[in-house]
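I opened this notebook to follow the pockets and the ligand, and to write down what I looked up in turn.

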Amino acid sequence: VKDVGILAMDIYFPPNCVLQEELEAHDGVSKGKYTIGLGQDSMAFCTEVEDVISMSLTVVKTLLKNYNIDPKCIGRLEVGSETVIDKSKSIKTWLMQIFEECGNTDIEGVDSSNACYGGTASLFNCVNWVESNSWDGRYGLVVCTDSAVYAEGPARPTGGAAAIAMLIGPNAPISLESKFRGSHMAHVYDFYKPDLASEYPVVDGKLSQTCYLMALDSCYKTFCKRYEKIEGKPFSIVDADSFVFHSPYNKLVQKSFARLYYNDFLRSCSIVDKDSREKLEPYSGLSSEESYQSRDLEKVCQQVAKPLYDTKVQPTTLIPKQLGNMYTASLYAAFASVVHNKRDALVGQRIVMFSYGSGMTSTMFSFKINEFQHPFSLSNIANILDISNKLESRHVVPPKKFVEALKLMEHRYGAKDFVTSQDTRLLVPGTYYLTHVDSMYRRFYAVK
Ligand code: ACO
């Protein structure tokens, strides 16, 4: 088998959002803190009728329908999520309902969880399966589903929600260049969820930012080394057409790309022009520790990397800026943004992906975009993703309503014996929603 990767994609996100500009005013922070400071436009959130299970059911159902895939043709199903509901019972088992109906219970795979990295772990599992001796010729299916919510405070505007499904197989339009890969995994308490009674994480925001950038540097170094060993020439940021980052908020993405540029400068890559070199020279003696703390370095890097950021990164930022951090789905929503923006113009291009999960796990890997026939062409994937329509038809909710929704969910999380409002007015037909949870904590969903 060759060119194993993503054949098809679909995305689902809740129809409710809150504008970051309105949230700034509501929270009483300085104007521009969330919109310019964090770089975010709006944030999606689940109301009491939706959760990670309903979103994943919806997105799997729509992917199978939109690409006309027989559920019997799926042989592996992997879910990436960090939103804990039934703890020992995987979200994957919930999705089996769709396949059981068609008599297909022969499907391997369970959930992968480590903060925002679970989707990447699932993708690698499916790709490895297709490339292995145990592959039976059927498709793999990867689902990333998360609802990111934070306690009141500085992290709250970095929430978000979405689910993404990706069909995996050989001869894919979006294939993994498996030989170029770099991972960085270590033990750190930057973000974790030790309190099982709460949906909110415990987060050390500043530490998590530094950990993210350290992991990025480390992955990039390994990625470049592998590339050079195999290709016999050094890798620099001009060797990829797009860079897609896990996106907790857009400012970190801007800083990340600038950091890659700084790495290329330190490696004396020829892409760093004379003018930029002179601007960066004063920082060449910093220790790596110092370099993470230097605000001046950060600003200069962002400035010199800006023209390349505009062509190689900006087209990937649409959905994450509009929806917020979707945890496991965030990286793949950024990827979906570039598919939406560039469609068939991506053919022949290389796309570098950086996946980060706190705690911490991270990998840099790359996709090669190949020409493919309907229904697995880039333009058809973009049509089915239908991003513009989905974004435009969202309902803007005032911050007060958003806070009320989160308050209610604080009581509902881990609770039993309740019935939801079943208010489905904003949901499009075909969307799954939660109707009630019984005295045994069993959850029940219906389809609009
Ligand atoms: N106008 C323009 N910019 C402003 C304004 C304003 N009025 N006010 C502040 N800013 C800027 C700041 O200068 C800063 O930008 P800079 O870093 O480029 O200087 C930015 O806005 C953020 O302001 P801070 O004061 O640094 O923000 P704060 O510390 O309050 O919160 C944080 C930010 C730590 C990211 C918080 O939202 C958080 O904890 N989020 C969750 C953790 C997270 O997402 N970590 C990322 C990786 S791990 C993961 O994916 C979960």
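**Second largest pocket**

I began with the second largest pocket, which holds about 560 Å³ of space. A pocket here is found on a 1 Å grid over the protein atoms alone, as an open set of points where a 1.4 Å probe fits, with protein on both sides within 12 Å along at least five of seven lines, and its lining residues have an atom within 4 Å of a point. Grid points are joined across faces, edges and corners, and the volume is the space filled by probe spheres set on the points.

I then looked up the lining of this pocket, which has 26 residues, with Tyr-12, Lys-390, Val-428, Pro-429 and Thr-431 closest to its centre. β1 (5–12), α3 (52–66) and α14 (387–392) are the elements that give two or more residues to this lining, and α3 gives the most, with five residues. Helices (H or I, at least four residues) and strands (E, at least two) are DSSP runs, numbered from the N terminus.

I noted that the model is a predicted one, in which local features need pLDDT of at least 70 and side-chain atom pairs count only at pLDDT 80 or more, while totals for chains, interfaces and linings use all residues. Residues are numbered from 1 along each chain as its sequence is written, and side-chain values use heavy atoms, with hydrogens and water left out.

**Ligand**

For polar contacts (pairs of N or O atoms within 3.5 Å), I found a polar side-chain atom of Lys-251 at 2.7 Å from an oxygen atom of the ligand. A polar side-chain atom of Lys-299 is 3.5 Å from a ligand oxygen atom, and a polar backbone atom of Gly-32 is 3.5 Å from a nitrogen atom of the ligand.

Conventions. A polar contact is a pair of N or O atoms within 3.5 Å; within protein, one must be able to donate a hydrogen and the other to accept it, and residues adjacent in sequence count only if both atoms are side-chain atoms.
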